[in-house]
Amino acid sequence: TQWVYSFGDGKAEGEAGLKNLLGGKGANLAEMSNLGLPVPPGFTITTEVCTYYYDHGHAYPQELKDQVAKALTFVGRLTGRTFGDAANPLLVSVRSGARASMPGMMDTVLNLGLNDVTVEAVAKGAGDVRFAYDSYRRFITMYSNVVLDIGHHHFEETLDTYKDRKGYTLDTDLSADDWKALIPHYKAIVEKELGKPFPQDPHEQLWGAIGAVFGSWMNNRAIKYRELHAIPASWGTAVNVQAMVFGNMGETSATGVAFTRNPSTGEKELYGEFLINAQGEDVVAGIRTPQDITENARVASGSNKPSMERAMPDAYHELVRIYGILEKHYRDMQDMEFTVEKGKLWMLQTRNGKRTAKAALRIAVELASEGLITQEEAVTRVEPAALDQLLHPTIDPKAERKVLATGLPASPGAACGEIVFSSDDAEAAKKANRKVILVRVETSPEDIHGMHAAEGILTTRGGMTSHAAVVARGMGKPCVSGAGSIRVDYKAQTLTVAGQTLKKGDVITVDGGNGQVLLGQVKMLQPELSGEFATLMGWADKVRRMKVRANAETPLDARTARSFGAEGIGLCRTEHMFFDSDRIIAVREMILSDDEAGRRAALAKLLPMQRADFAELFTIMSGLPVTIRLLDPPLHEFLPHTEEELQEVAKAMNASPEKLKRRATELHEFNPMLGFRGVRLAIAYPEIAEMQARAIFEAAVEAARATGQPVVPEVMVPLVMTKAELDLVKARIDAMAAAVMKEAGVTIEYQVGTMIELPRAALRAGDIAQSAEFFSFGTNDLTQTALGISRDDAASFLGAYTQKGILPADPFVTIDQEGVGELITIAAERGKKTRGNIKLGICGEHGGDPASIQFCETAGLDYVSCSPYRVPIARLAAAQAAL
Ligand code: PEP
Ligand code: MG
């Protein structure tokens with residue numbers, strides 16, 4: 001078996017297509033080598049070795065040692081050096097690289113191969129003693145931390161003491177002799193903590209580092225990250241061993257990261273940061289404030305440090321040339337890592353860059369306009385769920401801003417909440433339903449759960465590519481990073497800025513669009529959808545087959561839904577219209593009356609209100625289909641809850657409170673979701689359905705007159721399990737339609753259909769379709785009844801089901817394809833067999849879930865219906881499902 005793949009000198013054994021085997025980084029290093037780009041030579045130990053390692057009690061395949069030795073020789077030949085050689089040593093970096101990018105999650109060791117002997121050779125070879133010893137102490141620190149598990153702080157304390165003694169403030173104050181003098185101290189730390197000396201044998205160092213990278217695949221933060229991103233543990237990581245190039249060889253050397261397009265806005269510009277005379281992770285770690293790459297960016301940021309374009313024009317132009325090649329080759333925005341060693345540019349990584357939803361949209365649309373990808377590909381390039389980010393509020397430009405500080409606009413959108421200083425506090429607050437802003441000096445992978453829980457994130461240190469910035473953008477959370485004027489005191493749980501001290505629990509607002517941190521709660525605006533949004537949605541609409549409707553009952557919801565492109569209302573839950581304060585008493589009168597006359601009297605009060613509601617909806621939807629569902633709450637929900645409410649109804653009904661109390665007790669249910677609701681209400685009290693039908697048809701006449709658009713109401717009967725139930729109710733609806741038509745002297749087109757939300761209904765769909773002109777799958781109830789899991793009480797145990805892998809996802813979020821999905825498929829088939837043109841839709845929560853929408857496409861549904869804010873997501877997901 002080939003366990004090791006080498007690359008370098010314009011060719012490679014691997015290529016980009018081998019991502020599963022070589023990991024993302026390894027595959028792209030191979031690909032860049034094949035493209036003839038300047039990549040330091042190296043080799044990749046495959047992900048299969050990782051799998052082997054964990055399957056065999058942390059042992060390696062037999063042939064691995066030989067293959068690594070051969071690859072080291074190959075790298076040595078290309079660099080003209082020998083690993084471990086006393087006179088001309090090869091130094092390497094050792095990095096992880098999984099299939100899916102897991103930024104900062106796993107470990108890296110740089111400068112490997114240094115020891116007391118080789119450091120001298122490196123000093124001589126580079127003609128720079130300071131550089132050599134600076135690299136050596138970095139290596140000891142990093143290796144000790146990553147491989148030997150000795151904390152950073154040991155070395156930092158020693159360094160600080162040394163600096164204090166010498167009266168230095170900056171690391172750059174230390175001379176060659178200073179670093180040299182520190183090495184014995186560093187080695188002593190290792191010896192003390194480890195009980196044995198720092199390994200001097202480069203081969204021992206190398207295998208130690210390889211083992212540490214494989215080991216890091218199972219560390220807690222990697223496990224947590226995989227959990228959050230649904231990355232299987234079985235994928236494993238590869239290990240990349242690569243000849244070192246040095247960004248810390250003085251003022252003509254540098255290291256940096258760059259995106260081929262702006263990852264926040266999507267603008268086409270080389271965007272990124274670099275640090276002169278620095279190494280590897282310094283930029284990402286956010287310890288020093290980095291410099292801009294382009295002169296334009298420098299001017300915009302107002303930085304007084306020179307841009308790369310000015311400071312290193314040759315390397316800059318080489319980077320520009322390479323970025324063009326990479327974008328054309330990968331046909332997507334790239335996120336690149338590079339190092340400049342004594343003026344020469346080396347590429348260390350490229351990958352498709354993470355981006356905000358806003359940037360994803362703009363990049364997809366522009367790549368298509370530039371002809372690099374097709375419009376259909378552009379549609380697939382934007383994650384439907386990520387559109388949520390665009391629908392985030394921003395700060396009202398007219399609102400007063402009490403600016404406390406300004407940091408970097410790291411992730412767009414604005415958020416407001418109470419200050420918390422730890423991720424655990426953020427999580428606890430979220431559980432208690434409080435909105436918080438997580439404030440940290442900087443974040444690390446240990447903060448993922450807190451970032452998830454917070455509305456927004458604020459850090460006082462770190463650039464646009466710091467951990468906080470990258471992760472927040474990925475999550476779509478507003479983030480301001482590097483607000484350096486804020487002092488955080490974790491102990492006191494306060495932050496101080498411009499003479500003001502705020503404590504935990506005080507409210508601030510962060511504006512991720514411009515980097516401002518504001519005092520208090522600031523007025524927000526709903527987002528405006530940009531030009532690219534409309535363009536991409538237009539392309540999506542061209543390819544999708546399913547229609548997208550909204551679940552809406554209020555005029556506001558209906559308008560929002562239309563503005564997001566809804567093509568009708570798939571579910572108007574009329575019970576939501578019954579709770580309004582102007583009518584709840586009449587509703588209670590209706591329920592609590594013990595005879596039909598009493599109910600009819602109450603219904604007469606409700607009729608004009610319902611009619612007005614429906615007329616408004618029909619008017620807003622001007623001609624688009626509107627499905628109105630007959631009343632479907634557990635009756636129980638309408639009962640008066642307090643003594644006061646009871647008195648109120650008693651007065652309105654002229655009845656005794658005692659009698660009403662008795663009636664309320666009769667109506668009380670233990671399992672209301674499976675009780676007196678849905679069509680069962682209409683069977684017991686047909687006059688309610690009649691009133692609603694009258695209101696619907698009269699409203700249709702009224703709206704058609706007002707708008708000049710025909711209104712074709714779809715009357716939907718909920719929770720049906722037999723054709724007989726539907727027939728009884730349908731007869732009343734048809735009779736009412738006939739009556740209203742006669743009274744108004746017009747004909748009304750309408751349809752009567754049913755929800756399919758009980759397993760029996762799904763199985764008997766063939767008979768039910770004889771009466772129903774459409775089916776709408778109520779997957780909330782269908783999930784509840786098919787799985788026998790109460791939709792209201794599932795939260796306490798369902799988490800364990802997904803964590804243990806018993807269910808792949810929460811079945812109330814993503815459709816349970818094997819069970820509920822099969823019921824839908826059966827119902828669709830049987831329904832169509834009876835009535836070829838039966839209209840099929842879905843209106844449970846799943847109608848807005850991309851994975852479920854994919855299923856709906858396969859099941860052949862005609863439309864999905866979801867909450868208004870999910871309409872754009874559903875449009876895009878439906879398009880992707882059709883492709
Ligand atoms: C459903 O059950 O999926 C549905 C849409 O109805 P409701 O959520 O109102 O019960
Ligand atoms: Mg339902």
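Among contacts in the protein chain between residues at least 6 apart in sequence, 67% join residues at least 24 apart, where two residues are in contact if their C-beta atoms, placed from the backbone, lie within 7 Å. The model is a predicted one, in which local features need pLDDT of at least 70 and side-chain atom pairs count only at pLDDT 80 or more, whereas totals for chains, interfaces and linings use all residues. Residues are numbered from 1 along each chain as its sequence is written, while chains are lettered from A and ligands numbered from 1 in the order in which they are written.

Buried residues make up 52% of the 883 residues in the protein chain; a residue is buried if 20 or more other C-beta atoms lie within 10 Å of its own, exposed if 12 or fewer, and partly exposed in between, with C-beta atoms placed from the backbone. Taken along the principal axes, the C-alpha atoms of the protein chain fill a box of roughly 105 × 60 × 50 Å. The protein chain has 34 helices and 34 strands, where helices (H or I, at least four residues) and strands (E, at least two) are DSSP runs, numbered from the N terminus. The domain assignment divides the chain into domain 1 (4-243), domain 2 (254-355), domain 3 (393-525) and domain 4 (544-582 + 607-637 + 672-882), with bounds that come from an automatic or database domain assignment. Between the C-alpha centres of domain 3 and domain 4 there is a separation of 41 Å.

The strands can be taken next. One open sheet consists of 3 strands in the order S21-S22-S23, with antiparallel pairing. Its edge strands are S21 (487-489) and S23 (500-503), each of which pairs on one side only. From one strand to the next the twist averages 20°, where axes are lines fitted to C-alpha atoms, for helices over the stretch in contact, and angles run from 0 to 180 degrees between N-to-C directions. S21 and S22 (residues 494-497) are joined in the antiparallel sense over 3 bridges, and Asp489 has Thr494 in S22 as its bridge partner.

Most residues other than glycine have a negative phi. Asn111, however, has a positive phi of about 65° although it is not a glycine; Asn111 is found in strand S7 (residues 108-112), and it counts as buried because it has 27 C-beta neighbours inside 10 Å. Asp149 likewise has a positive phi, near 65°, but Asp149 is found in the loop between helix H5 (129-146) and helix H6 (152-166), and it counts as exposed because it has 11 C-beta neighbours inside 10 Å.

Two further loop residues can be followed in the same way. Ala552 lies in the loop between strand S27 (547-551) and helix H20 (555-563), and with 30 C-beta neighbours inside 10 Å it counts as buried. Leaving aside its neighbours within four places in sequence, Ala552 is in contact with Asp557, Ala558, Ala561, Ile569, Cys572 and Pro868. The C-alpha atoms of Ala552 and His576, 24 residues apart along the chain, are separated by 9.7 Å. Asn671, in the loop between helix H24 (657-667) and helix H25 (679-684), is exposed, with 10 other C-beta atoms within 10 Å.

The last region is the ligand site. Ligand 1 is surrounded by Leu571, Arg573, Glu757, Gly778, Thr779, Asn780, Asp781, Cys843 and Gly844, a residue being near a molecule or strand if its C-beta atom, placed from the backbone, lies within 6 Å of it. The elements that give two or more residues to this shell are strand S28 (569-573) and helix H30 (779-787), and the largest share, 3 residues, comes from H30.

Notes
Pairing = 2+ DSSP bridges.
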